[in-house]
Amino acid sequence: MAAPQPAMMLPRELKHESLVLSTKPTASIHYTFARGSAPQNGRSRLVVFLNGLITDKSTWLPVMAGVVRGNRDTDCPSLLAYDRFSQGLTDDQDPQDQGREPGRGHDVLDVVRDLHQLITQISEIKMETTLERVSLIFVANSIGCVIARLYADIYPESAAGLLLLDSMMANSDFDWWPNPDSSDFDSRELPADVDIELLREQRAKFAAVFAPDVLNKEGLDRRNVAELLPHSDRPQLSGPGGRRPLVTVVEHDPDWFASESLEVYTTALL
C-alpha cells in the first residue's frame, strides 16, 4: 500500500515512501527522500534530518523543500527525513518493544542502529551506491542531536558534518533550576520577580515534560542518555578520510523559548 502524502505542497523531487528494515522485517519505517546530484570525487552526500522527541519528520519538510527548490540548477546533496517507530506516519511499533515494559522497550542506541540500517538501505536502493561511499551530514534537533552524536561515534568516518539545533543537554537530568528544598538554597539569589512557589511550579512543569524517566509516545527510553554522553566535548569524532567532521551548534532564542515552549510541548503531549 502506498504511504499517505503529507497535506502540503512539496516539490516533485521529494518522495514519500515506506521501507522495511532488513534487521526488523515485521515493521516498516516511513520516510521522505530526494535524490541529489551525481557523486563528487567518487562520494555521494546525504543530508539526514533527525527530529526531536515530540515532533516528527513533517517539521523538516519545509526545509527540505527549500533546499530542493533553491538548488535545482546547482549541485545538491540527497536529502532524507524519517519517522522513528511509533512516530508520525510510522504506525508500527518497534518490534523489540513487544513483551517489554511499556515505554521502556528501546533506547537511543537501538535508534542509532535502526538509523544505520535505514541509511544503508537508502544508499543502496535510492542512491545506487554503498554506505561506505556516502558522506553524511546530520541536521538534528533536540534528542535528534544525541542520536547524531552517537551515530558519528559508533560509526566513525561516516559523518562529514553535524548541525545541532537546540540540542538536548545529554549529560543532565534537566534539573537546572535551584532546588528550594536543598540545604544550601538561598532565596536571596532569586530574581526579584521569582518567588519560591513560582520556582517550585516551574521545576515541576519542566520535569513533567523533560525528565529522562517520563514516558513518550514512541516508547523511547531516555534514562541512559547521560551515561552514554557524559561529556559535552567528547568523544572526539572522526569523519570521512579520518578528518574531523564540521560541527555547528545553534541554540534557541531564550525569550521566545520562555514564552512559547511550555504551551507547545504541553499541547504535543496531550
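Is Cys145 buried or exposed? Cys145 is buried, with a relative accessible area of 0%; buried means under 20%, exposed over 50% and partly exposed in between, using a 1.4 Å probe and protein chains only.

Before we go further, a word on the model: it is predicted, so local features need pLDDT of at least 70 and side-chain atom pairs count only at pLDDT 80 or more, while totals for chains, interfaces and linings use all residues. Residues are numbered from 1 along each chain as its sequence is written, and side-chain values use heavy atoms, leaving out hydrogens and water.

**Confidence.** The predictor's confidence in each residue, pLDDT, runs from 0 to 100. The protein chain averages 90, and 93% of the residues score at least 70. Over residues 1–6, pLDDT stays under 50. Where pLDDT is low, the predicted coordinates should not be read in detail.

| Residue | Relative accessible area |
|---|---|
| Cys145 | 0% |
| Cys76 | 11% |
| Asp110 | 12% |

The count of disulfides, pairs of cysteine sulfur atoms within 2.5 Å, comes to zero. Asp110 sits in helix α2 (residues 108–125); helices (H or I, at least four residues) and strands (E, at least two) are DSSP runs numbered from the N terminus. Leaving aside residues up to four places away in sequence, Asp110 touches Gln96 and Gly105, where contact means heavy atoms within 4.5 Å.

**Empty space.** Rolling a probe the size of a water molecule over the atoms shows where empty space is left. On a 1 Å grid over the protein atoms alone, a cavity is a set of points where a 1.4 Å probe fits but cannot get out; a pocket is an open set with protein on both sides within 12 Å along at least five of seven lines, and lining residues have an atom within 4 Å of a point.

How many cavities of 30 Å³ or more does a search of the whole structure find? The search finds one. The largest cavity has a volume of about 50 Å³, and the residues lining it include Ile29, Tyr82, Phe85 and Val111.

The second largest pocket has a volume of about 230 Å³. Of the 16 residues that line this pocket, the closest to its centre are Ala160, Gly161, Pro240, Pro245 and Leu246. Strands β6 (134–142), β7 (159–167) and β9 (246–250) each supply at least two lining residues, with the largest share, four residues, coming from β7.

Technical notes
Points joined across faces, edges and corners; volume = space filled by probe spheres on them.
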